[in-house]
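Dear colleague,

I am handing over the structure below for your review.

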Amino acid sequence: MKKLFALSFAVLLLVGILLTGCTTNTKSNSEKKENEEKKTSADYPTRQIELVVPFAAGGGVDLAARSVADYLSQEWGQPIVVTNKPGGGGIIGAQYALKEANPDGYTVLANNVSTTTMYEAGTTKPVVSNMENKFAARIAAGTPAYAVKADAEWDTFEEFSEWVKKNPEKLTWASVGPAGFSSFVAAQWFESLGIDFNKTQMVSSEGTSDSAAKLAGGHVVLAIHTVGELAPLVEAGKIKLLAVQSPEQSPLFPDVPTTQEAGFDGLTIKWWTGLSFPADTPDEIIQKWEKAVEKMEKDETFLQQLEKIKLDPAYLNSDDFTKEVEKETKELTKLAEDTGIRK
């Protein structure tokens, strides 16, 4: 009996030693991995970064992203390459950057209102949700503008609005998708006119350049994008602006009235672009981008570049950016439900 007890005790002691060793090794490996991740984040970036633009080249998101890439490439001494991945209203590129890429900080998404708040508000089953974004910083904002072909019959936003109110089925307008930026601006306007969003005809486009080309070519009646995005064709005499959606007139086109001046007080939607990463990206990397963007938005050369592409600086840090996205999503979801955009 004593021998059996001694043998059992020895076995238990051996198991205890083994378990202690395993626990120590597991803890050691965990600490080692954590230290390695901290060291990697501290050294970041050490190689090329891919900045994904989920729209075609030439639009506001693309131009802002290229300005960011130019500045931070010099700041960090590492190349930042802009990759355009248009399609699906911006969701194809967003899915690539947030769900397919490694969360190591070397793939960044140039997101915007269309791929985040508007997309989540517009669908009950988002392929990419806001929760899968780790928002680093907001970069820039833009003023929406309503544009028609240069030789269109309407000279004022009031005249055009009356025509749309009487003939909603004749209105064709371009958008990257049913829940894209143009769609939400249009929906808010249609709601103020008291017309059914679904009676108008949306024509799909790959982005601003495509929408503006469709408008200039007479393939759609209306295009809604930022003032800066539409400016080149306005200056070329191909299209004209009927109104800008802002409390104040645009310094680019001071003769174009605001929607408020045209009698529409409730049109409030704005355009913005920022940067986000996969949700599992280390906080240290997010903080590096946050601080770098804050510094960038105080740099005169970068501010001049934003002015050149006709966008306004609109920096928000990671926490404030995240809160703003949550607030905007709630507001746009209500609009989407009220107007029938949400599917």
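In this predicted model, Ser-182 is buried, its relative accessible area being 2% (buried means under 20%, exposed over 50%, partly exposed in between, with a 1.4 Å probe and protein chains only). Ser-182 lies in helix α6, residues 181-193 (helices, H or I, of at least four residues and strands, E, of at least two are DSSP runs, numbered from the N terminus). Leaving aside residues up to four places away in sequence, Ser-182 touches Trp-173, Ala-174, Ser-175, Ile-224 and His-225 (contact means heavy atoms within 4.5 Å). The C-alpha atom of Ser-182 is separated by 9.9 Å from that of Ile-269, 87 residues apart along the chain.

Residues are numbered from 1 along each chain as its sequence is written. Local features need pLDDT of at least 70, side-chain atom pairs count only at pLDDT 80 or more, totals for chains, interfaces and linings use all residues, and side-chain values use heavy atoms, with hydrogens and water left out.

Turning to the sheet, five strands form an open sheet in the order β7-β6-β8-β5-β9, with mixed pairing (two strands pair if DSSP finds at least two bridges between them). Its edge strands, each pairing on one side only, are β7 (201-204) and β9 (239-244). Strand β5 (residues 144-149) runs antiparallel to β9 and is joined to β9 by five bridges. Val-148 stands opposite Lys-240 in β9. Helix α5 (residues 157-166) packs on the sheet and touches β5, β8 (222-226) and β9. Helix α8 (residues 227-235) also packs on the sheet, touching β5, β8 and β9.

With kind regards

Conventions
Axes fitted to C-alpha atoms, helices over the stretch in contact; angles between N-to-C directions.
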